[in-house]
Amino acid sequence: MNKYKLYISAALFSGCLFLGSCKKDFLKEDLETDRGMNYYQTDAGIQSLATGTYYQVLKTPFSAEWIYCNTIYGVDEFGVGGDGSNEVWNDYDGGFKSIVSSVNSNTSSTNDQWDNLYIGIGDANLIIQNATASTSTSDDIKKVALGEGYFFRGYSYLRLVSQYGGVPLVTTPSTTVNLEYTRATPEEIYTQIISDLKQAYDLLPSSGAPAKLTKDAAAHFLAKAYLYRASEINDSWNSATKAADLAAIVPLCDEVIASHPLAPDFADLWDYTAPDGANEKLSEIILSAQFTSDVSATGENHQHIYFGGRYDDLPQMQRDVTGDRPYSRLRPNYYMYRVYDLVNDSRFWKSFRTKYRLNKASGNYYANGDLGVIYIVNQPGDTRFSSYRLNDVVVDPETGKTIPSAYIAYPKGTTTDGALNVDVRYPSVSKFFDGSRNAVNDTRGFRDIILARSAETYLIAAEAKIRLAKLGTGSYADALPYINAVRARATYKSGENRETYYDGGGALAASTSGQSPTINSFMAENSYYESNNIDKTTAATSLDISSTSALPASDNYIISKLGLSSEYDKMLALVLDERSRELAGEFMRWEDLSRTETLVGRVDAFNFQASGNVQSYHELRPIPQTYLDGIQSAGKALTADEKQAQQNPGY
Amino acid sequence: MKTKIYEKLMAPWHKAGAVCQTRSRKVVAPSMAIMSLMIIGYSSASARTHPETKTNKTAWWQQIVMTGKVTDSSGAPLSGVSVYLKDTKTGVLTDASGHYSLPLKVSKGVLVFTFVGYESKEVSFEHQGELNVSLTSTSNTLNEIVVVGYGTQKRQDVTGAIAGISQKEIASRPVADALQAMQGKVAGVDITSTERPGTVDGITIRGVRSLTASNSPLFVVDGIPLTTGGIEYLNPTDIASIDVLKDASATAIYGSRGANGVVIVTTKQGKTGRTALDLNMSTTVENLQDKMTMMDAAQYIDFKRWSYYYKSPDVYPRGDQPTIENDKAIFLASSDPSAWANIEKGWASGSWDGSKVATTDWLGMVTQTGITKNLNLSVSGGTDKIKAYTSFGYLDNQGTQRGQEYKRYSANVNVDIKATKWFSMGGNLQASYSVQEYGQSSTGSNPLSSQGSIYEQARTELPYTVPYDADGNRIEYPGGDVAIKTVAGEWNLSQDQRVTLRAFGSFYAQIDFGEMLPVLKNLKYRVNFGPDISSYRDGVYIDSASVRSSGVNYASLGKTQKTSYTLDHLIYYNKSIGKHDLGLTLLGSWTQYNTETSSLAAYGIAFPSQKWNALTSSYISSTDLSGYSSGLTKSQLQSYMARLNYSYNDRYMLTLSARRDGASQLAEGHKYSWFPSAALAWRIDKESFMNASWVNDLKLRFGVGVTGNSAIDAYATQGALTSLFYPYESTLTSGTTPSTIMANQDLGWEKTTQYNIGVDFALFNRRISGSLDVYKSKTTDLLMEMDVPTVSGFTSTYANVGATANKGIDFSLTTQNISLKDFSWTTTTNLSWQNDHIVSLANGNQDDINNNWFIGQPIGVIYGYKSAGLWQASDEALYSIYNANGSSFSPGNVRVVDINGDSAFDANNDRIIIGNTRPRWIVGMTNTFTYKSFELSVFLYGRLKYMYDTGGENEGARGSQRLINYYTEVNTNADYQKPIRSDGSGDMYYGALGYKDGSFIKIRNISLGYNLSPQVLKKLSITNLKAYVQITNPGMLFSNINWLDMDLISPTYNRGITFGINASF
């Protein structure tokens, strides 16, 4: 009897255990720490996606090297500095193919830009789909978010079409794996871009610039899209839209210019003293990619490290926060020393760092604070300096001491360009320097990156006027007011100290690095007087171009170097030169040269590393091999011939 | 002479055959080729197996007394052997000298001799007398117990492909973890080594099947799957046995987790009637060996000069025509005057003399003699009712690179109590605490260089540079290149300490219903509960002067807590009807797994002694916080299983099983799947027609099974959004973007179907034994993270796509080549061959170049340009044709093959598959020699027939350089291209010179042991005492890549010597 009791209790005991563990939803998987895609069906979700797309589209390019590889390498303005990790993008040599052989982790692959832009388009498609489907009556959803979606898509396709020509056109979010894609024509892509940017123009609000997308941002890029579509690279098909496009540009530009007056001084734009400081909120700025010192913000600005040339390995010098990490990727070509009126145009002296403060004094002669490095950007024929490099020879008149390192653009006896090209030294474009970083080698920068400012809007309008004149509407002189407006701002004002210099190196006070200011290499002074060899003056200068027949000497030099003769070509050269003077380094040069089909001529003439290699097929980028290898046609991977057919010619 | 040898060869079997009635007297001449290779001796013990039966007068009351002595095969007496009259309870045990005396009431019959660990023997007698018997050890025979998953079987009854290693083999050499103990010992198991203390090796069983899902096997410890991984925390001396389930008919019992094989670890338990104290101690002294020779200062200086020359021949002088001015410029004299002072010594005489330049031994700076101390103490004992085992282990493994160390304290308690006749309960609790000093951290704030270890970091230093200047100051950038920071003092500047506390339990309760109610005989219910808790802490501190630092102190603290449990309900039922034996196992199983993570990282640590322990708001400002996070992952598995074992007459065995698994991380509607298996075995040696005396065991097995793989991350089907902050000016706004991995709502199980045919054999009195398995498998619905065209807005997705196939052979063979009284030689060989290939991919039969997957090709291949050596000046006519078509070749450049012959090179037409990256052959061989009390064992290990991508030589001449035969105008017959000074691309096709055959065979270790004689031990009251010495990594037998140890896939390896003792009291 006892046995039965035991048996029963044991059975009950085991049965309880068995049943106790049978939970119906044992395998249910819940996302507890993240949200799922269905979040995008809510208003809050759509807005959060729009914010995420700001990050993806505007910000992510600037934590990578591909952005300068694709936009400012291989042009007249810049070449490879001391570090060749990405030289293939500048040199157009035999290695520039659909696969770029990667030899260090910094080398940009051909698909980096492509992937980045399409991921942004995917996000934009999701915004458009969800905001369109939303039953919300809120303007924030139906107008702002939707407008942002259209803007980001149009903006990204504009980047794609200007780099690759026709690309696959995807306008709805992908939910299942699709491997069958073909390239749309450039015409189809432009139709989409202009439709998207028009929608954005209609939907976006007027205020919020430069952090947020506005109607003006849409107008600026819509004007740019019209201009691109009307450019030479599209001449085989754009005749039907050209006149209307060009006619539409100027009113859009005028509207933008009206609400985004130029900053009074060109230096204001680059006088960065702290994250989110005054120079990042100027009325001139239409749109910028936002970075801030709060390290919780996702994404880092790395562009501060790519432009700086080596200074830290020179005598009496060391690396410091204000001098930045000199990755030496981008060297200004001699074109940049030629394109300015170096006496009257302040922009060269406000865009380039030409003096470094001595910051590692050893011995009794030098002290920190002396002039440590000077770049003398003189003109051919100057006989003052015997060599491109003079150590402890050139005397600083202020201290009477010799300067440990002096580099001379045109040493005695040279009338041709290139004396500095044998070394890894050059005056560095300082528009992105960041002295507010947390540590001397910290790659994380806090400065915003300007994506559109009204000085460019003026030049877009000017170029439209020139193109209209070519079509017979108006005259070439119609462009001059727009160009002169930009040039007027670039003059020296009466009483202005022409030696005064600002760049982001001056933001050390905002840095948490704890670096002592005594080892600053940043010097609030440029080599204006040493270079120009003129007496000190505070008189005002003028850069006004009064007539299309009296172009500035520097432009005439470039026009003659390029062998241009027609008035249109000369005027186009003028506007391209003006873009260099105003916008050097601001991530748009390659597209300007490619679309105007001036790439080959200008690179051959001014980029000593790529000269001779560049060919007309380089006006389009290679379609990434990863894309060609990954897609299929009718369920089959492409044959080598089919891939070649989808590839741009020449690659 | 031949005849004589033959007679000698056959003698033992003649004689043995005469002894046992179960063995036929017929002699089958062994004709196997292997026989002729063997030197067969016979032990004198064999001769003693003669029963010297004397005929005595039978007493009138018909009672006789059988007497005799029982010995082992070496003639040593065996005490405690059970001797009884067959089919009765009449019996005795042998005494300490192995003698027995058994009175019997019958005058003829059969005596049965049984003893644990020995093969039972039946001997017939007809009259009173003396019957001396020798018993054969059953180690490595079919009688051992094999763990098959949710139960055990005798090896003779096993139907699947199961291999294993015993405690004896584990104890045969000192190892840090269970995987090291298995390496090269089990056919079909490929284990790659690592020498960082505390880092576990990689393991695959029978090659790979999955493309991106895990290929790691399932580890089961005492019946509980290690859900959280971490076999390295188990003290190997606590392991009683390791069984590896290889084929699908065996692993299907673990269903979804069985696809990559199952490693079942059984820990030690107390034994009835024996109490023991065991002590194992060893000390290892190791030094790092480097197979890669770096250029010395003079060689490197020449190399750099040539590189500049080939960069711009019109600017720089030829490498063999140096000038001091040029050297000053290219060696950055102004940036590092100390390094330049060293180079200047070469110019002291006015002309260059490279031998005057000193070479700094940067590598020697970061190495140390590694000393490993290992101590294990265990006690065990048991009665009929209670068995217990407990142990303590201590391992202190100091690395051969400065800063690397691993300490592990482990404890194990195992108790088993039979409370009543029908209820037993027990548990095993293992706890370990380990501290791994990882050495130079691989994380860090902002690496200027990202080498994996301090040694590789030191390798990047330029040979002509010096660590300290004339004043004794540390030079931060020796050589003046900001990409090369000094490694001097690095061992004090970067710390990465990983502490793991692990507790793993396996508890059970079992009710034997048969003991309550006779009608329920052999019905048992068992519940297993296995909790597993792992707490992991990783503390990193990187000083501002460290190589890994961007110039400001950095610390991070990461914690991971994993908790999981497995709950199994099992019902067992056995029934024997005549010659039919039936066994039924039913299972319901639930597993839950949770991971909680948290981390904190910050810059600007106030003072170094804080390390990662003061990341508090009073020291770290919010802007210095570089990261903080916490996370939670949960997953569950629910399973039901039924298994039927049937055997007929001990000859024919059948195993059928079916398991249904559901996994939470798969998509709704696709969570569950069935995993069936079937296996047959036939013990041919039991058949009456199989009466060859030289066949001891012969079993044929056939099995088929389906296993699964759901080894993808939890939430992969959910499309979790990525959250971020975007600043509108300084206002951070929360935003999201979709994951770049497209959510797949149809994600289901990956399934592998495998067929296996195997044979187990033991021949010639077990002098030859082993098994041979041939398998073939096909994996379908591959779980892959596949790249998708980014045009879709996504970069990849998880999908069930495609299929792979895999086939192979596992062969293991143990031969007792020589077996004399004082000398024996045993060879154990494990050989496996495997070949996998891809059957189909995402869209049918289309290659996927982006993922390096090609239909019909092995899963791992190298795809690229095929090298044809170097362009020579004499090839100008040819290369100028290519140069006209877009290339820019010059003499000394790498020449690649123009596959399609169009006189141009492009990625679409000229890349081909160079070779497979997974070895076809894996070989392990252990030769053991014993002479009296000495035992010498030599272990060889090899991986053969595969390609390895060494990466080629960039020859950009910025960093340090391995000593190579490179092209210059004065050395045109070179292995590698001409150097071209570059920070970037260098020679476009240099990678093509890097594909090499990776085959090697290595002597892993040689160990020599000495067992103290029983006589001496008796005086010391010690049961067993073995002293041994082992040499690790004495050398390679051959390797095709002479600057890498392909066993470790590293240029460096540790060579060391271990002294140890194992004592039992």
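In this predicted model, the contact between the two chains takes 97 residues from chain B and 107 residues from chain A. The size of an interface is often given as the accessible area lost when the parts come together. For chain B and chain A, the buried area is about 8,400 Å². Carbon and sulfur atoms account for 58% of that area.

Polar links also cross the interface. Three salt bridges are found between chain B and chain A. A salt bridge joins Arg911(B) to Asp629(A), with 3.3 Å between the closest N and O atoms. Counting residues at pLDDT 80 or more, 19 residue pairs are in polar contact across the interface.

Several strands of chain B contribute to the side that touches chain A. At least two residues each come from β24 (523-542), β25 (554-577), β26 (580-603), β27 (625-648), β28 (652-663), β31 (722-728) and β32 (731-737) of chain B. The largest share, eight residues, is supplied by β27(B). By residue class, the side of chain B that touches chain A holds 44 nonpolar, 43 polar and ten charged residues.

Aromatic pairs were then examined. A pair of aromatic rings is described by the distance of the centres and the angle of the planes. In chain A, Tyr340(A) and Phe348(A) form an edge-to-face pair. Their centres are 5.5 Å apart, and the angle between the planes is 70°. Tyr340(A) counts as buried, because its relative accessibility is 3%, and the cut-off for buried is under 20%. Phe348(A) also counts as buried, at 0% relative accessibility.

Phe905(B) sits in the loop between β42 (894-896) and β43 (911-916) of chain B. Tyr989(B) sits in the loop between β46 (947-949) and β47 (995-997) of chain B. The pair therefore ties together parts that are 84 residues apart in sequence. Both Phe905(B) and Tyr989(B) are buried.

Ring pairs also build a cluster in chain A. The cluster links Tyr334(A), Tyr337(A), Tyr340(A), Phe348(A), Trp349(A), Phe352(A), Tyr410(A), Tyr492(A), Tyr528(A) and Tyr529(A). The edge-to-face partners Tyr340(A) and Phe348(A) are among its members.

Key. Residues are numbered from 1 along each chain as its sequence is written. Chains are lettered from A and ligands numbered from 1 in the order in which they are written. This is a predicted model: local features need pLDDT of at least 70, side-chain atom pairs count only at pLDDT 80 or more; totals for chains, interfaces and linings use all residues. Side-chain values use heavy atoms; hydrogens and water are left out. Contact means heavy atoms within 4.5 Å. Buried area is the accessible area (1.4 Å probe) that two parts lose on being put together, summed over both. A salt bridge is a side-chain nitrogen of Lys or Arg within 4 Å of a carboxyl oxygen of Asp or Glu. A polar contact is a pair of N or O atoms within 3.5 Å; within protein, one must be able to donate a hydrogen and the other to accept it, and residues adjacent in sequence count only if both atoms are side-chain atoms. Helices (H or I, at least four residues) and strands (E, at least two) are DSSP runs, numbered from the N terminus. Ala, Val, Leu, Ile, Met, Phe, Trp, Tyr, Cys and Pro count as nonpolar, Asp, Glu, Lys and Arg as charged, and the others, Gly among them, as polar. Rings of Phe, Tyr and Trp (its six-membered ring) pair if their centres lie within 6.5 Å; planes under 30 degrees apart count as stacked, over 60 as edge-to-face and the rest as tilted. Buried means under 20% relative accessible area, exposed over 50%, partly exposed in between (1.4 Å probe, protein chains only).
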